[in-house]
Amino acid sequence: DMIRNAGYCPGIAFVEHEEFYCGEDIAKRLKISQGEPVLKVSRLITADGKPAIYCEDYIDCGKIKDNSYNEESLTMPIFHFLEKYCGLTSAMDLTEIRPAVADARLAGIFGIPQGTPLLYMDEVDYDIGGEPIFCSAEYYADGIIKHTVMRKKF
């Protein structure tokens, strides 16, 4: 929806997934024990065919109630996956936003020179009870999506 709202045709260049035993960082963000199995879903989202957003989503495998998902079902937005296969709905997220530069891996993914500026968003989504349901590392290419912050004072 963000891509479409920015005036572009959204697409998916690739989706990859793997299950692995999480390290300390992912465990802390998901409030699970280190070494618990997690599903990592990596996607490159395009805008008019141009790489726009690369994201890595991490879901505690213990939250997945229906294991019948496949590569095609992982192309849907993570929120749809969570509802369909986990029975979970994101009620809120906490996101840290900071600048990043493309290292060799990200430069290859985006097809840009190393050192190119990117916007990095470190996100944790929570259910209505305040429990984390997934976390995400997102990288945004410049010039496609405009991020705006509104601060309201009461």
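The lining of the largest pocket divides into 14 nonpolar, six polar and seven charged residues. Here Ala, Val, Leu, Ile, Met, Phe, Trp, Tyr, Cys and Pro count as nonpolar, Asp, Glu, Lys and Arg as charged, and the others, Gly among them, as polar. The model is predicted: local features need pLDDT of at least 70, side-chain atom pairs count only at pLDDT 80 or more, and totals for chains, interfaces and linings use all residues. Residues are numbered from 1 along each chain as its sequence is written, and side-chain values use heavy atoms, with hydrogens and water left out.

The volume of the largest pocket is about 760 Å³. Lining residues number 27, and D1, M2, I45, P77 and F79 are the closest to the pocket centre. A pocket is an open set of points on a 1 Å grid over the protein atoms alone, where a 1.4 Å probe fits, with protein on both sides within 12 Å along at least five of seven lines; lining residues have an atom within 4 Å of a point. Points are joined across faces, edges and corners, and the volume is the space filled by probe spheres set on them.

Elements giving two or more residues to this lining include α1 (2-5), β1 (10-21), α3 (78-86) and β6 (132-140). β6 gives the most, with four residues. Helices (H or I, at least four residues) and strands (E, at least two) are DSSP runs, numbered from the N terminus.

Most residues other than glycine have a negative phi. K31 has a positive phi of about 55 degrees. K31 lies in the loop between α2 (24-30) and β2.
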